[in-house]
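Me: Could you take a close look at the charged side chains in this one for me? I'm new to this, so please keep it friendly.

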Amino acid sequence: MSEQNARFIRIRIGVIIVRDDKILLIEHVKNGHSYWLIPGGGLNYGETIEECAKREMKEETNLDISLDRYLFSSETIAPDGSRHIVNLFFLGEINGDSPMSVGDEERLRSLAFVPVRDLEDIEFHPPIAHLIKQHLSAFLSDSEERHFGNFWESYPDLR
């Protein structure tokens, strides 16, 4: 198998920032398709989870953050085997008063604190909005760890 065709598991770190019953989301546009994500990104070899979370949040939102605790995980595994992503989500806190701004990456479009009650009304990836809506108060009040399983859907081609 060539290196280009080698299969690997991508680990993505997401940071959940909550403010007044709203959650910070970032809008991506890929191949003309718009969708929202919890800010974060891929863990690099040799990088700790905390380093990744801080780097990705700075790159995507210009915010300096600290991690509070692990909340939950999910997976997205493409039916054709082309991608396997393990998503690890952490509760984060904003440090300091740096202004929030969208990073330079071409696919990033906007940032917004979205009311938790509205999460199911937007295109949200992975499609766990209903679980966040259902469990957010528990996430904030306890330290139970959760794994929600595989949430691959037949997305438009977002590669």
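How many salt bridges does the structure hold?

Reply: Keep in mind that this is a predicted model. The structure holds nine salt bridges, so let's walk through some of them, using the cut-off that a side-chain nitrogen of Lys or Arg must lie within 4 Å of a carboxyl oxygen of Asp or Glu.

Start with Arg55 and Glu47: their closest N and O atoms are 2.7 Å apart.

Next up are Lys133 and Glu120, which meet in a salt bridge at 3.3 Å, N to O. That pair ties together distant parts of the chain, 13 residues apart: Lys133 sits in helix H2 (residues 129-141), and Glu120 is in the loop between strand E8 (108-115) and H2. Lys133 is partly exposed at 36%, and Glu120 is partly exposed too, at 45%.

Then there's Asp118 with Arg117, a salt bridge at 4.0 Å, N to O. Here Asp118 is partly exposed, at 26%, whereas Arg117 is exposed, at 60%.

Now for a charged residue with no such partner. Glu75, in strand E6 (residues 64-77), is buried yet has no salt bridge. The nearest side chain of opposite charge, Arg10, is 13 Å away. What Glu75 does have is a polar contact, side chain to side chain, with His84 at 2.8 Å.

Conventions
Residues are numbered from 1 along each chain as its sequence is written. This is a predicted model: local features need pLDDT of at least 70, side-chain atom pairs count only at pLDDT 80 or more; totals for chains, interfaces and linings use all residues. Side-chain values use heavy atoms; hydrogens and water are left out. Helices (H or I, at least four residues) and strands (E, at least two) are DSSP runs, numbered from the N terminus. Buried means under 20% relative accessible area, exposed over 50%, partly exposed in between (1.4 Å probe, protein chains only). Lys and Arg count as positive and Asp and Glu as negative; His and the chain ends are not counted. A polar contact is a pair of N or O atoms within 3.5 Å; within protein, one must be able to donate a hydrogen and the other to accept it, and residues adjacent in sequence count only if both atoms are side-chain atoms.
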